[in-house]
Amino acid sequence: MQFTEERLGQAEKTELDAHLENLIARGDCTKNWTEKILRQTEVLLQPNPIDHTGARIEEFIYDKLDKKIPSRTTNPEILGQFMLDAAQEFGADSPYGTTLITVGEYQKKLGSAEREFLQTSAASFLTPLRNFLEGDWKTISKERRLLENRRLDLDICKARLKKAKQAEAKAAAAPDFQETRPRNYVLSASASALLSEEVDKSEHELRVAQTEFDRQAEVTRLLLEGISSTHLNHLRCLRDFAEAQATYHAQCHHYMHELQRELARSATSVSVVPPPNPPAVCPNPVSSAFMLESGPSSSTVPGGSSSLAPRPSPVQLTGSGTRKAKVLYDYDAHDTSELSLLADEIITVYTVPGMDPDWLVGERGNDKGKVPVTYLELLS
């Protein structure tokens, strides 16, 4: 009845102090935005709504069974396994099969990095947010409902005391009995005593209700002031999430860079078999960029027309025939026999007898090692 009369504007309502009102508004804001951030982060980590719903159901079941949730196979891992299986069907030694194996292995690496990112994000970011909503905020909401009930009890006691005082004042101002008669005088005194007793009882109930309300308001205030600690905890969790996200993308970038390098290396190693006894062959445009030619590349036919003629044997770069070369891309050495490169740096290169034409010897100060020719541009 008190709640309904307040809604209709027919009863007075005890207002909370401004500090407590601000804490309640801040708590509601924290709860609402935490829910939105949690929900959207779950969508980011698991974009497919069906998979997301299935993951939540699986998480609920394993939580009830008190068992650890098994790690899920990511989509890149599945794609990588498909590529590896396809390579076995097409032939692992064929160019297409070899490339499928290479790309499939790196897809599985990407999937492994994604699974690690999902696990880290769930543990360091999603779980603390969910714990706040399902733990701390439920406790705060319960105490706030109890505070509202205490406030209604207090307002009921205030209204009851007000009515009792009004009745006592009315009886004192206009008594219903004539006090000249002894019997009526006794009845009048008895009625006044009852009204006075009702006022005392209402005052006592009001004091008790006020004490309960103040105690509950203090409990609610302390819980709501803990929102500041919640913000600090969520701040640490947010930083952990950002760090995990940066690590994940850095790993993906590294794997894709490695994949591009592997594909470039396999592309240079795979050559088309020339037909038998070719009439005229142009040298490998990549390898010839690092060779010194010892004669003209064409001969002139009498009459002014020119035709291609077999090139003389190119002279390989030797230790005394060094050249300067510009590095086009970064390159990380795979073993101690290779030299790591940085884009745009200038190094000295040369070749040695019997060396693979796709490789040269590079020197940079006191460092020396093999370098791939596809990463270099010969300087004049």
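**The aromatic cluster**

Guide: Happy to. In this predicted model, one aromatic cluster is formed by Phe117, Phe125, Phe241 and Tyr248. The structure holds 7 aromatic pairs. Take Phe117 and Tyr248: their ring centres are 4.9 Å apart and their planes meet at 10 degrees, so this pair counts as stacked, the cut-off being under 30 degrees. Phe117 belongs to helix 5 (residues 95-173) and Tyr248 to helix 7 (residues 227-269), so the pair ties together parts that lie 131 residues apart in sequence. Both partners fall under the 20% cut-off for burial: Phe117 is buried because its relative accessibility is 8%, and Tyr248 is buried because its value is 16%. A second pair, Phe132 with Trp137, is tilted, with 6.3 Å from centre to centre and 50 degrees between the planes. Phe132 and Trp137 are both buried as well.

Rings also meet charges here. The charged end of Lys109 sits over the ring of Tyr106, 4.5 Å from the ring's centre. Likewise, Lys370 lies over the face of Trp359, at 5.1 Å from the ring centre.

For the setting, the chain has 7 helices and 7 strands, and along the sequence the pattern reads α-α-α-α-α-α-α-β-β-β-β-β-β-β. Of its 380 residues, 28% are buried. Among contacts between residues at least 6 apart in sequence, 67% join residues at least 24 apart.

Key
Residues are numbered from 1 along each chain as its sequence is written. This is a predicted model: local features need pLDDT of at least 70, side-chain atom pairs count only at pLDDT 80 or more; totals for chains, interfaces and linings use all residues. Side-chain values use heavy atoms; hydrogens and water are left out. Helices (H or I, at least four residues) and strands (E, at least two) are DSSP runs, numbered from the N terminus. Buried means under 20% relative accessible area, exposed over 50%, partly exposed in between (1.4 Å probe, protein chains only). Contact means heavy atoms within 4.5 Å. Rings of Phe, Tyr and Trp (its six-membered ring) pair if their centres lie within 6.5 Å; planes under 30 degrees apart count as stacked, over 60 as edge-to-face and the rest as tilted. A charge sits over a ring if NZ of Lys or CZ of Arg is within 6 Å of the ring centre and within 35 degrees of the ring normal.
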